[in-house]
Amino acid sequence: QVVGGKVKKPGKRGRKPAKIDLKAKLERSRQSARECRARKKLRYQYLEELVSSRERAICALREELEMYKQWCMAMDQGKIPSEIKALLTGEEQGKAQQNSTKLAKAGKTEANSSNP
């Protein structure tokens with residue numbers, strides 16, 4: 001048969017099946033399966049660790065939320081929790097320290113600029 005200027009032989013198309021060593025093929029298949037199971041095991045370990053870390057984070061956030069609810073209930077009753085007082089006084093002290101540091105730096109800058 002002549003098609004497009006080339007002679008074609010009748011029969012099957014494509015490559016002829018190579019003679020594959022059956023034992024080698026089975027061993028490659030087993031090795032591939034072992035590697036697949038190992039990857040799967042690692043993936044599940046990673047996911048389990050991720051889930052447990054997220055669960056711990058959720059528990060911590062729930063505890064924090066409960067603490068804030070208690071603070072709000074106390075403030076509704078006219079009481080200021082000691083933790084909030086400590087936070088407020090800590091912020092005021094921090095602001096005072098920042099202001100004094102800024103003033104000291106400004107004073108040094110002025111002193112340096114006035115001295116030639």
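**Aromatic pair**

I started with Y68 and W71, which both lie in helix α1, three residues apart, about one turn of the helix. Helices here are DSSP runs of H or I of at least four residues, strands are runs of E of at least two, and both are numbered from the N terminus. The model is predicted, so I took local features at pLDDT of at least 70 and side-chain atom pairs at pLDDT 80 or more, while totals for chains, interfaces and linings use all residues. Residues are numbered from 1 along each chain as its sequence is written, and side-chain values use heavy atoms, with hydrogens and water left out.

How many aromatic pairs does a search of the whole structure find? It finds one. The ring centres of Y68 and W71 are 5.5 Å apart and the planes stand at 70°, so I logged the pair as edge-to-face. The rule takes rings of Phe, Tyr and Trp (its six-membered ring) with centres within 6.5 Å; planes under 30 degrees apart are stacked, over 60 edge-to-face, and the rest tilted.

Next I checked cover on the two rings' residues. W71 is buried, at 14% relative accessible area. Y68 is partly exposed, at 38%. The cut-offs are under 20% for buried and over 50% for exposed, with partly exposed in between (1.4 Å probe, protein chains only).

**Helix α1**

Helix α1 covers residues 22–76, 55 residues in all, and at 1.5 Å a residue it should span 81 Å. The expected span is 1.5 Å times one less than the number of residues. The end C-alpha atoms are 80 Å apart, which agrees. After α1 comes G78, with a positive phi near 90°.

**Salt bridges**

Side chains of opposite charge can pair when their charged atoms come close. I searched the whole structure and found two salt bridges. The criterion is a side-chain nitrogen of Lys or Arg within 4 Å of a carboxyl oxygen of Asp or Glu.

Which residues are linked in a network of salt bridges? They are E27, R30 and R34. E27 pairs with R30, the closest N and O atoms being 3.7 Å apart. E27 and R30 sit three residues apart in α1, so about one helical turn separates them. R34 also bridges to E27, with its closest N and O atoms at 3.1 Å.

I looked up accessibility for each partner. E27 is partly exposed at 39%. R30 is partly exposed at 46%. R34 is partly exposed at 39%.

**Cysteines**

A disulfide is a covalent bond between the sulfur atoms of two cysteines. I asked for cysteine sulfur atoms within 2.5 Å of each other. The count is zero disulfides. C36 is partly exposed, at 41% relative accessible area. C59 is partly exposed too, at 44%.

**Whole chain**

I closed with the totals. The chain has two helices and two strands, in the order β-β-α-α along the sequence. Of its 116 residues, 3% count as buried. Its accessible surface is about 11,600 Å², and 57% of that belongs to carbon and sulfur atoms. I used Shrake-Rupley areas with a 1.4 Å probe; for residues, only the protein chains shown count as cover.

Where is confidence lowest, and where highest? It is lowest in strand β1 (residues 2–3), at a mean of 56, and highest in α1, at 95. The chain averages a pLDDT of 80, and 62% of the residues score at least 70. That score is the predictor's confidence in each residue, from 0 to 100.
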